Amino acid sequence: MRVQLLSLFVATLLGAANVIGIALPINQPSSGTQAGRAGLLSRTLSSSPSRPTSTSKSGLDTSNSAHNKLLHGSKPFIPKELPVVYRPFYQQLQDIKTSNMLTPENVPHVVVITDLAVDCVQYDDVAALMVYLELHRLGFIILEAVIANFNDQTKRARLARGILDVYAYNNIPVGLGTKGYNTTTKLNYKEKAHEFSGTGSFMSPDNHGIMDGQALLLKVCDDAKTRAPKEKTVTLLLLSSLMDAGNFVDNPVNKQLLARVLSKVVLQGNYLVTGQQKKQNLVPDLKANNNNFSPKASEKFHSFMYEYQINSTVYTKIAATSTPIEPNFFKTLQNTGVVLADYLSGVQLAQDKAFWELSNEPNPKDRFQPTMDSTWFLDVRTTFYDKWKQEAMLARKKGKTPPSRFPSQAPTKAEWKKLVPMIKVVVYDALAALGTIGDDIMLQLKINKEPQVRKDAWNQKHKIIGIVPRENHGPEDAEENFDKQNMANAIMALMYGSLMNVPPENKKGIYPATSGI
């Protein structure tokens, strides 16, 4: 047994060394033929980091799952010093783990496409990463790859690579994604000064260990087909622009391969099931940023999901903004002593202040999105209008006209300090990250639930969590088909537990902090 474990350890170390030892080629051309696709894969991986295959020549499992067991196999399921408030959720997970709900055959193999540190809510991608890394450690998912997109995607990929290395997951590959938006899109995103502030100790200083995103997704699909020829095991977690996913299915051969191995798609955004019976389609809501960044790619990928009847669940802004993450939660995370908590705590207010200033720009073109004005910010990102919302809801229930908003009392651009106590911690992407464990487990945890009124937003294949009002309908058409406190408790517990499993020697980072970052 000792020899077998030693062999497994050596095999995994060799795989990890292969990952971190080679620089990357990027922007390889795509091909529409099987031979061309195979050639692309061969060219890209021959000079870029390779991930350990599922089974070594010795017959031992050297996959990401095995590497995870080596890192954390001796650690308790529930971290020893996890605060009491988070233990009930971990106990629920442990009960599920010991039941028959989760078996090695049905654990999702997850590929994440994310835009780490984008200014709109730059901390939510890191929060999501903490959530899915902890689900990976606990064995509820197997994280296969992280692809970073959105200009500057190179920096975002380096950030992903560095954070994975802080957790000692250097075997999990990182891919370089697309710019994320079309030149025809009005958005011309420019990196903000605070986006990467404080990341010097955990952001990879170069492109070491990063490969082309399309080639990486292709490799995961090929591996999945080899690993389970008769099963669909891959889950796509889409937390950013759908340009990368749309580009992948634009290649006919890739499209067929993805349809062959893809079991589920979990998204942050929104969509609608339109039409009747055979003429139905899955249509992206272009009011959701992740869809609007590249509308054609969004439409293409949603059509792909519907055409091939891929299961999907989407978590909307209503779900995110209604989930009551504690206002001081990021400061609480600092009790773990991990530098990532310091980053989250420091960046939250800096980002929200910058966002508030943008929302006050008189010219809509100068905002993050034209519709994101100061009223939107007060409504979505603060508790400023909460009292008015309650009064309006009561009035509607009584059949009365709801009171108007009170704009005369709204803070001015210069009155930022008045807003600070009202700022919400909104972790959009963390909800979808949690959703990768599967709809059945989310129901078992009493987080998600079937809608009581909006039955159109929930069917056997496609489910919306946090149902947005339909066009030409009022706010009463929305429906919170989830338990928002249970959602918040789960996310906060997993984030805290995640940081507790960072190796002690990596808590303060793994790189010398560089100036200007």
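Buried means under 20% relative accessible area, exposed over 50%, and partly exposed in between, with a 1.4 Å probe and protein chains only. The model is predicted: local features need pLDDT of at least 70, side-chain atom pairs count only at pLDDT 80 or more, and totals for chains, interfaces and linings use all residues. Residues are numbered from 1 along each chain as its sequence is written, and side-chain values use heavy atoms, with hydrogens and water left out.

**Exercise 1.** Decide whether His109 is buried or exposed, and find its polar partner.

Solution.
1. His109 lies in strand β1, residues 109-114 (strands are DSSP runs of E, at least two residues; helices are runs of H or I, at least four; both are numbered from the N terminus).
2. The relative accessibility of His109 is 9%, so His109 counts as buried.
3. Its side chain makes a polar contact with the side chain of Glu144 at 2.6 Å (a pair of N or O atoms within 3.5 Å; within protein, one must be able to donate a hydrogen and the other to accept it, and residues adjacent in sequence count only if both atoms are side-chain atoms).
4. With neighbours within four places in sequence set aside, His109 is in contact with Ile142, Glu144, Arg227, Thr233, Val234 and Thr235 (contact: heavy atoms within 4.5 Å).

**Exercise 2.** Describe the surroundings of Asp477.

Solution.
1. Asp477 is found in the loop between β10 (462-465) and α20.
2. Asp477 counts as buried because its relative accessibility is 10%.
3. Not counting residues up to four places away in sequence, Asp477 touches Arg454, Pro469 and Arg470.
4. The side chains of Asp477 and Arg470 are joined by a polar contact of 2.7 Å.
5. Arg454 is 23 residues from Asp477 in sequence, and the two C-alpha atoms are 7.8 Å apart.

**Exercise 3.** Determine how helices α4 and α20 are oriented to each other.

Solution.
1. Two packed helices are described by the angle and the distance between their axes.
2. The axes of α4 (residues 87-98) and α20 (residues 484-500) come within 9 Å and cross at roughly 90° (axes are lines fitted to C-alpha atoms, for helices over the stretch in contact; angles run from 0 to 180 degrees between N-to-C directions).
3. Therefore α4 and α20 are roughly perpendicular to each other (65 to 115 degrees; under 35 counts as roughly parallel, over 145 as roughly antiparallel, and the rest as oblique).
4. Phe89, Tyr90 and Leu93 of α4 meet Ala490, Ala493, Leu494, Gly497 and Ser498 of α20.
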